Amino acid sequence: MSTLQNDLYLRALLREPTERTPIWMMRQAGRYLPEYREVRKHAGDFMALCKNPELACEVTLQPLRRFPLDAAILFSDILTIPDAMGLGLYFEAGEGPKFERPVRDLASIQKLGVPDPEQELGYVMDAVRTIRRELHGKVPLIGFSGSPWTLATYMVEGGSTKNFSVVKKLMFADPQAMHLLLDKLADSVATYLNAQIAAGAQAVMIFDTWGGVLSPRDYREFSLNYMQKIVSRLTREADGRRVPVTLFTKGGGAWLADMAATGADALGVDWTTDLGVARQRVQDKVALQGNMDPSVLYAPPARIEDEVATILASYGQGHGHVFNLGHGIHPEVDPDHAGAFIEAVHKLSPAYHR
Ligand code: CP3
């Protein structure tokens, strides 16, 4: 495999010195890019795009052709695992993801198997291999998965939800069934991420989008506990380099110290926590990724640059920061504003690394 030409992202995740702050954007491949909408139109639906390794590779590379980003992220979705477990994932226009066969009781949870990544999820591994080949070592490739708790919310609710009442009912009325589901998911996620690493992913990230809807006690028992199990089972070295793992609990700012204790290399932070405060909470034990509100990209470029300056100052001098949005980029954002955002990080961050 070719050596990396730009390893700023990997070095920052390990808190090693870099000459500037690296940047990538959550959901950097997606509907805000006209070239994505074009490919998507020809592929048919979103899952057809995910299941075609050549097209998944093409849309992964699109944002890198436009912008000087420091990492590529596999084009796929967190819901590939429940789909492979047989729940029947589909996307209804404007309504987000749905499952034909949600799991809501012990009997249906007992029937779930752990998917074999090279069989049922072989299309994801093929996409990883194709992207690694086509990147030619330009920047590292990030693999990812959802957290067990976040996957469980979609699997039990049958889709997106506002108040999480069905999944919380299962959690409080039958905690043993919930733990069995989370155990199977932790096993599936660890196996899946290790297969992505074996296929060529150079870093991995676990998205715990819905951990923040739990109480502190329930977060530890039903979300963090299972992410910790996964972290302890991950392959941490490939091709003679450490494979860093990033955990991201949206709304989890208060729990960063507990998250750092899992052994993860880095934590994602959303915009509701100042990066300076976050850094104090983790005592520089891990790197931090974040944390601009994606809605700032609606502002004119001067205001975007101002926000970038505020975030860089909040993290302060030194290494261990990966610039990102605090959540995915919105589909209505002007790509030129995304470009201005990335340019501002290139321009203003070197001063913090001297
Ligand atoms: O960051 C990237 O560029 C990589 C691709 C990526 C997607 N989904 C592509 C996608 C990643 C990392 C994800 C993760 C994901 N998927 C999460 C965790 C991160 C987060 O945003 O909190 C979650 C919760 C999902 C589940 C999911 N998938 C939802 C809720 C939706 C609908 C959202 C919407 O905007 O319609 C999806 C679909 C999805 N996943 C799209 C993309 C580009 C939009 C599909 C399309 O219409 O083209």
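The axes of helix 4 (residues 53-66) and helix 7 (residues 122-135) come within 8 Å and cross at roughly 50 degrees. Axes here are lines fitted to C-alpha atoms, for helices over the stretch in contact, and angles run from 0 to 180 degrees between N-to-C directions. This is a predicted model: local features need pLDDT of at least 70, side-chain atom pairs count only at pLDDT 80 or more, and totals for chains, interfaces and linings use all residues. Residues are numbered from 1 along each chain as its sequence is written.

**Helix 4 and helix 7**

- Helix 4 and helix 7 are therefore oblique to each other (under 35 degrees is roughly parallel, over 145 roughly antiparallel, 65 to 115 roughly perpendicular, the rest oblique).
- Their crossing is right-handed (the near helix is turned clockwise from the far one by less than a right angle).
- Helix 4 contributes Pro53, Glu54, Ala56, Cys57, Thr60 and Leu61 to the contact, and helix 7 contributes Tyr123, Asp126, Ala127, Thr130, Ile131 and Glu134 (contact: C-beta atoms, placed from the backbone, within 7 Å).
- This contact has seven nonpolar, two polar and three charged residues (Ala, Val, Leu, Ile, Met, Phe, Trp, Tyr, Cys and Pro are nonpolar; Asp, Glu, Lys and Arg are charged; the others, Gly among them, are polar).

**Helix 5 and helix 8**

- The axes of helix 5 (residues 80-87) and helix 8 (residues 148-157) come within 10 Å and cross at roughly 45 degrees.
- That angle makes helix 5 oblique to helix 8.
- The crossing of helix 5 and helix 8 is right-handed.
- Ile81, Pro82 and Leu87 of helix 5 meet Leu151, Tyr154 and Met155 of helix 8.
- By class, that contact has six nonpolar, no polar and no charged residues.

**Ligand shell**

- The ligand is surrounded by 20 residues, and the closest are Ala29, Gly30, Phe46, Phe207 and Thr209 (C-beta atom, placed from the backbone, within 6 Å).
- The shell holds 10 nonpolar, six polar and four charged residues.

**UniProt annotations**

- The unreviewed UniProt entry gives "binding site" for Arg27, Gln28, Ala29, Gly30, Arg31, Asp77, Tyr154, Thr209 and His327.
- These residues span 301 residues in sequence, and the farthest two C-alpha atoms are 22.7 Å apart, so they do not all gather at one spot.
- Gln28 sits in the loop between helix 1 (8-13) and helix 2 (34-43) (helices are DSSP runs of H or I, at least four residues; strands are runs of E, at least two; both are numbered from the N terminus).

Definitions and conventions: Two residues are in contact if their C-beta atoms, placed from the backbone, lie within 7 Å. UniProt positions are given in the numbering used here, feature names are shortened, and annotations may be inferred rather than shown by experiment.
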